[in-house]
Amino acid sequence: ERTSPAICIDPDTELDIAQVELLMQTGIGNTNAPGNFPEIVMQISRDGGFTWGRERKCGVGARGQYGRRVRWQANGTAANFALKFIMSDPVVNWRIVQAYLQLFDPEGREVNVSGKRAA
């Protein structure tokens, strides 16, 4: 299980969480059942990490599917949110390297996590 710190650009501004993508090691497979397709679960907290929303799954690739993209789209809006990722399958040596977020302000302008609006 991995949890991000709370992300808040402005407490009065709801951001559209258009896409969350993990750069992670994929295609390792399930060690107990190599033919199975392991999944990772994402949950979003919309109150800075106190409570968590529903679980949304994404496949991380069966053995040999090394180019698998791990992403969630259409994640709703929030002003103060955190992300939690849970892997319950027996996968050896899986690693999350980076998380990429695509965020938009109420006017539809892209916002990066440092709080600056994209040009």
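Why does Ser45 count as buried? In this predicted model, Ser45 counts as buried because its relative accessibility is 0%, where the cut-off for a buried residue is under 20%.

**Figure 1. Four strands form an open sheet with antiparallel pairing.** The order of the strands across the sheet is β1-β7-β3-β4. The edges are formed by β1, residues 2-3, and by β4, residues 56-59, each of which pairs on one side only.

**Figure 2. Strands β3 and β4 run antiparallel and are joined by four bridges.** Strand β3 covers residues 39-45, and within this pairing Met42 stands opposite Arg56 of β4. Ser45, the subject of the next view, also belongs to strand β3.

Figure 3. When neighbours within four places in sequence are left aside, the residues in contact with Ser45 are Phe50, Thr51, Trp52, Asn80, Phe81 and Ala82. Lys84 lies 39 residues from Ser45 along the chain, and the C-alpha atoms of these two residues are separated by 8.0 Å.

**Figure 4. The largest pocket, with a volume of about 150 Å³.** The lining of this pocket consists of Arg2, Thr3, Ser4, Ile7, Leu22, Leu83, Phe85, Ile96, Gln98, Ala99 and Leu101. Strands β1, β7 (82-87) and β8 (96-104) each supply at least two of the lining residues, and β8 gives the most, with four residues. Sorted by class, the lining of the largest pocket comprises seven nonpolar, three polar and one charged residues.

**Figure 5. The largest cavity, which holds about 30 Å³ of space.** One cavity of 30 Å³ or more is found when the whole structure is searched. The residues that line the largest cavity are Met24, Gln25, Thr26, Gly27, Ile28, Gly29, Val60, Gly61, Met87, Val91 and Trp94. By class, six residues of this lining are nonpolar and five are polar, while no charged residues are present in the lining.

Methods:
Residues are numbered from 1 along each chain as its sequence is written. This is a predicted model: local features need pLDDT of at least 70, side-chain atom pairs count only at pLDDT 80 or more; totals for chains, interfaces and linings use all residues. Side-chain values use heavy atoms; hydrogens and water are left out. Two strands pair if DSSP finds at least two bridges between them. Buried means under 20% relative accessible area, exposed over 50%, partly exposed in between (1.4 Å probe, protein chains only). Contact means heavy atoms within 4.5 Å. On a 1 Å grid over the protein atoms alone, a cavity is a set of points where a 1.4 Å probe fits but cannot get out, and a pocket is an open set with protein on both sides within 12 Å along at least five of seven lines; lining residues have an atom within 4 Å of a point. Grid points are joined across faces, edges and corners, and a volume is the space filled by probe spheres set on the points. Ala, Val, Leu, Ile, Met, Phe, Trp, Tyr, Cys and Pro count as nonpolar, Asp, Glu, Lys and Arg as charged, and the others, Gly among them, as polar.
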